[in-house]
Amino acid sequence: MRGVRVWARVLGVEGAVIEDVCLEDGRGEDVLVVAVRPGWRARGRCGVCQRRCPGLDAGGGRRRWRALDLGATRSYVEAAAPRVACPEHGAVVAFVPWARHDARSTRSFDDTAAWLATHCAKSAVAELLRVSWRTVGRIITRVVEEAEQTDDRLDGLRRIGIDEISHRKGHRYLTVVVDHDSGRLVWAAPGRDAATVERFFDLLGPDRCEQIRLVSADAAGWIRRTVAARCPRATVCMDKFHVVQWATDALDQVRREVWRAARKQGQTAVADEVKGARFALWKNPEDLTGRQHAKLADIKQSNAPLYRAYLLKEQLRTALGRPVHQAMNLLRCWVSWARRCRLAPFVALARTIDANWDQIAAALTHGLSNARIESANTRLRLIMRRGFGFHSPQAVIALGMLSLGGLCPSLPGRA
């Protein structure tokens with residue numbers, strides 16, 4: 001193999017003509033500079049649409065693009081950067097086959113940085129590739145924008161999940177949409193209101209809104225009302241795990257009320273026992289330790305209201321885990337019991353379940369839960385934790401799309 005082909009293969013600039021290779025002294029370290037020019041097929045094309053266009057001028061002269069390091073040596077690709085006159089985009093820098101438009105690094109460098117960003121912290125990527133933190137963020141945004149032009153994630157959606165996640169202190173939220181069939185994150189945007197969800201459906205368009213059949217969500221009215229208005233053929237399913245969470249919250253309200261009453265009456269031992277039984281009351285019976293079983297037995301003997309609240313929570317969890325027809329019958333019986341249990345939090349919960357009956361029944365009938373979207377939220381939290389927080393929601397969204405949206409490029413040289 002000829003030497004010029006070796007350099008082209010090593011630097012990831014195939015499709016270019018190697019003109020010269022030299023070592024330069026750059027700020028106390030040697031840097032490798034490879035002078036290239038585009039092949040004749042790639043010359044004179046618009047950098048945005050790659051349409052062949054008439055030349056305009058020499059632009060800013062020769063330009064350098066950062067390439068992947070060769071061992072411990074920093075590497076650059078250098079070439080002329082003329083401008084062309086595109087009928088659609090005006091005066092733009094001509095297309096080069098080794099880099100994306102308006103980038104200062106090669107395509108191989110960008111793909112490597114994007115792949116690394118999905119597997120480790122941006123600070124580690126910046127140190128390994130010897131670039132700034134902000135440069136990593138710009139690379140991620142650039143790679144995602146290019147991938148979105150060729151991959152229509154909104155096509156063919158039938159079953160989706162909508163939820164919100166906090167991305168920063170101060171009630172800063174993202175609304176995220178996940179495809180239940182593929183498990184991919186298909187859309188995310190800052191905000192947590194009806195206007196944010198409207199933006200998703202505007203992007204989806206009326207024809208594709210008609211194709212949506214099932215939407216899983218929590219009890220947020222702004223999601224349900226927007227889905228009903230924009231997707232008339234869709235059925236909203238309320239995740240049964242949210243219903244169990246409501247019961248757990250109601251149980252904890254009862255426990256706190258019992259604890260306050262015991263303290264007010266000077267029953268310190270009873271108050272300490274109730275306070276220490278929190279996790280025993282929350283956990284599923286099959287997961288209890290021997291000590292927690294003993295705590296529940298003591299509560300059964302000494303505190304009937306609190307034990308009744310525990311039984312209500314467990315009966316609801318058991319009912320929702322049954323086959324659909326049996327679950328609906330048990331749920332009706334549970335609502336009847338909760339209405340007359342004389343525990344205010346569970347009486348209120350019975351009314352809430354009645355108000356959301358159709359959505360809960362739809363989730364049980366279709367077997368749809370928010371498991372996929374909760375999984376996506378957990379991975380988004382991991383991304384934010386690994387990056388020690390992000391100032392911009394767009395940076396979180398771009399990195400989320402790389403990791404969860406199927407947009408992460410392969411490492412250079414891999415299939």
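Start by selecting β3 and strand β6 (residues 83–86), which pair in the antiparallel sense over 2 bridges. Here, two strands count as paired if DSSP finds at least two bridges between them. Helices (H or I, at least four residues) and strands (E, at least two) are DSSP runs, numbered from the N terminus. What you have open is a predicted model, where local features need pLDDT of at least 70, side-chain atom pairs count only at pLDDT 80 or more, and totals for chains, interfaces and linings use all residues. Residues are numbered from 1 along each chain as its sequence is written, and side-chain values use heavy atoms, with hydrogens and water left out.

**The sheet**

Click on D57: opposite this residue, in β6, stands R83.

Show the three strands together and you have an open antiparallel sheet in the order β3-β6-β7. β3 (55–57) and β7 (90–93) stand at the edges with a single partner strand each, so one side of each has no neighbour in the sheet. Neighbouring strands are turned by 40° against each other on average, direction ignored; the angle is taken between axes, which are lines fitted to C-alpha atoms (for helices over the stretch in contact), and angles run from 0 to 180 degrees between N-to-C directions.

**Helix α8**

Next, select residues 240–264, helix α8. How far apart are its end C-alpha atoms? They are 37 Å apart, which agrees with the 36 Å that its 25 residues should span at 1.5 Å a residue. The expected span is 1.5 Å times one less than the number of residues. After α8 comes G266, whose phi is positive, near 80°.

A salt bridge is a side-chain nitrogen of Lys or Arg within 4 Å of a carboxyl oxygen of Asp or Glu.

**The largest nonpolar core**

Now colour L316, W334, F346 and I353, which touch the most other members among the 39 residues of the largest nonpolar core. Such a core is a set of buried Ala, Val, Leu, Ile, Met, Phe, Trp, Tyr and Cys residues joined through side-chain atoms within 4.5 Å. α8 gives the most to this core, with 8 residues. Zoom in on F346 and look for its contacts (heavy atoms within 4.5 Å): among them are A247, L251, V254, L312 and W334. A second, separate core of 35 residues includes A113, V176, M384 and I397.

The structure holds 27 salt bridges. One of them joins D110 and R142, with the closest N and O atoms 3.2 Å apart. D110 lies in helix α2 (residues 107–117) and R142 in helix α4 (residues 133–150), so the pair ties together parts that are 32 residues apart in sequence.

For a last stop, select E19, E24, R37, R62, R64 and E78, which are linked in a network of salt bridges.

Terms used:
Buried means under 20% relative accessible area, exposed over 50%, partly exposed in between (1.4 Å probe, protein chains only). Lists of a residue's contacts leave out its neighbours within four places in sequence.
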